[in-house]
Amino acid sequence: MHTVIYFLLSTFNFLAVPDSVAAPTIPVERFVLANGLTVLLSPDRTAPIVSVTVWYHVGSKNEVPGRTGFAHLFEHMMFQGSEHAAKGDHIKTVEDAGGSMNGSTNNDRTNYYETVPNNYLETVLWLESDRMGFLLPALNQDKLDNQRDVVKNERRLRVDNQPFGRAGEVFSAALFPASNPYSWPVIGSMADLSAASVDDVKQFFRTYYAPDNAVLSICGDIDVARTRRLVEQYFGPIPRGPEITRPSIAPATLSSEHRLVLEDAKATLPRLSISWPTVGASSPDAAPLLTLANLLDQDRTSRLNKLLVYDRQLATNVSVAATNFESEGTFSVSVTPRPGVPLTQIEQLVDSVIAATAATPATAGEVARTKTYTIVGTITSLEPVRSKAEAVARGQIYFNDPLHYKTELQEEEHVSAEDVQRVTRQYLTAGRVVLSMVPAGKLDLASKPSEPYVNVTAAPDATTSGTTR
């Protein structure tokens, strides 16, 4: 998509962002059942399909040390059958209809979706209501053991057996204190997964998989009145859950630089990543930080990409991300250098670009360009019915506003060059984590190897810790 937008901007020289962008308004009827389930209905007649998504306001943030990975583990358990739908029936029904389905877990929420022909709407609502209200009678030790092994294999595949696959969890542990629930990985640790019991998992379900902790979003070719009756019929009898105590999370800060080294025998080339703690999604600084990330890495004209990949040809890839969780955030720069280019040189050049961005406001054209990318990307992403259903569910879960995407667009529109300069100075400080990732035994390839660092190569479940140099 970036290539297409770049062509359009280059062809039409479209650098000025209008004072106000008419973001599409998704029609939404919102109501709340007596048991607390929030329901969002959005008719879309463009095709005879419907997308149903259920968001539960629970993620790895709601776990505690020693019981990590439960939110993701339970995502898997929700596909193992419920009291009235045997294991495999849910997936087979949707796939036989030519539909698609899946689920996902992050730090703040777990979601499930089905996109099917509209004549399958009632079937899907029955399936989702059955696993919301009647999962526990079908949950047993065999299913837990089976899915625990699946999750462990997922971790081996996506983390342990990928070059520098542990980089994300290394950063989380370094950026946030151990008491902060954003400090552990969503997938959890092997030790915690092994220790999970059926009673633990059942209690997790009773606490968080209740209608008053969920949003049901339905978008597509629907009759609103009929759909409302179906929702009330299938979800209305499910009882409310207990009161939930949300974690109290203090903003994370680092008083100094933390230098880390991660060795990996599967890697052949080094990599450098630098990350800072920032702010959560509701902060007014979230939009300027996103603009800053785009200013540094969006296309071939962006500052870091232009310098490292195109002008100096020192790197093959640059990635900059402003990530906003519900209660915390991070800002990260990752660079893969060309063979033979020292990480020390890469770090020095990254620091020089950040220092220049902090010293002098960006040009109006640079800021306008980044905003245009964001605005166009947001609007085009809302075309599929599933994207609409997910967008309004996200707004409801995090902001109690299903149309919050419009607020976010407005905030992005109003970001100024001075805002970008301010957040650069405020957040991209000396309080950061610098992670050198090197092939095993190649510690000399680390950035500034003569400076003190901590070797974090030991796995988090291991009994030995990293060594300090």
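**Entry 1: strand β11**

How many of the residues of β11 are buried? I began with this question and noted that the model is predicted: local features need pLDDT of at least 70, side-chain atom pairs count only at pLDDT 80 or more, and totals for chains, interfaces and linings use all residues. Residues are numbered from 1 along each chain as its sequence is written, and side-chain values use heavy atoms, with hydrogens and water left out.

I found β11 mostly covered, with seven of its seven residues buried. Buried means under 20% relative accessible area, exposed over 50%, and partly exposed in between, with a 1.4 Å probe and protein chains only. Strands (E, at least two residues) and helices (H or I, at least four) are DSSP runs, numbered from the N terminus.

I then looked up the partners of β11. Strand β7 (residues 258–264) runs parallel to β11 (residues 433–439), and seven bridges join them. Two strands pair if DSSP finds at least two bridges between them. Within this pair, His258 stands opposite Val433, and Leu262 stands opposite Met437. Strand β8 (residues 271–277) pairs with β11 in the antiparallel sense over five bridges; there, Leu272 has Ser436 as its bridge partner.

**Entry 2: the sheet around β11**

I traced an open sheet of six strands with mixed pairing, in the order β9-β10-β8-β11-β7-β12. At its edges stand β9 (315–324) and β12 (454–455); each has a single partner strand, so one side of each is left without a neighbour in the sheet. Helix α10 (residues 286–296) packs on this sheet and touches β9 and β10 (329–337), its direction making about 175° with that of β9. Contact means heavy atoms within 4.5 Å. Axes are lines fitted to C-alpha atoms, for helices over the stretch in contact, and angles run from 0 to 180 degrees between N-to-C directions.

**Entry 3: α10 and α13**

I next followed α10 to helix α13 (residues 364–381): their axes come within 9 Å and cross at roughly 105°. The two helices are therefore roughly perpendicular to each other; this term covers 65 to 115 degrees. Leu290, Thr291, Asn294 and Leu295 in α10 meet Glu366, Val367, Thr370 and Thr374 in α13.

**Entry 4: the other sheet**

I also recorded an open sheet of six strands in the order β1-β2-β6-β3-β5-β4, again with mixed pairing. Its edge strands, β1 (29–32) and β4 (100–105), each pair on one side only. Strand β2 (residues 38–43) runs parallel to β6 (residues 214–220), joined by six bridges, and Pro43 has Gly220 as its bridge partner in β6. Helix α3 (residues 89–96) lies across β4 and β5 (110–117), at about 135° to β4.

**Entry 5: Gln396**

Is Gln396 buried or exposed? I located this residue in helix α14 (residues 385–399); at 9% relative accessibility, Gln396 counts as buried. Leaving aside neighbours within four places in sequence, its contacts are Arg30, Thr38, Leu40, Val215, Asp401 and Pro402. Arg30 is 366 residues away along the chain, yet the two C-alpha atoms are separated by 9.7 Å. The side chain of Gln396 makes a polar contact with the side chain of Arg30 (2.8 Å) and another with that of Asn400 (2.8 Å). A polar contact is a pair of N or O atoms within 3.5 Å; within protein, one must be able to donate a hydrogen and the other to accept it, and residues adjacent in sequence count only if both atoms are side-chain atoms.

Conventions:
Parallel < 35°, antiparallel > 145°, perpendicular 65-115°, else oblique.
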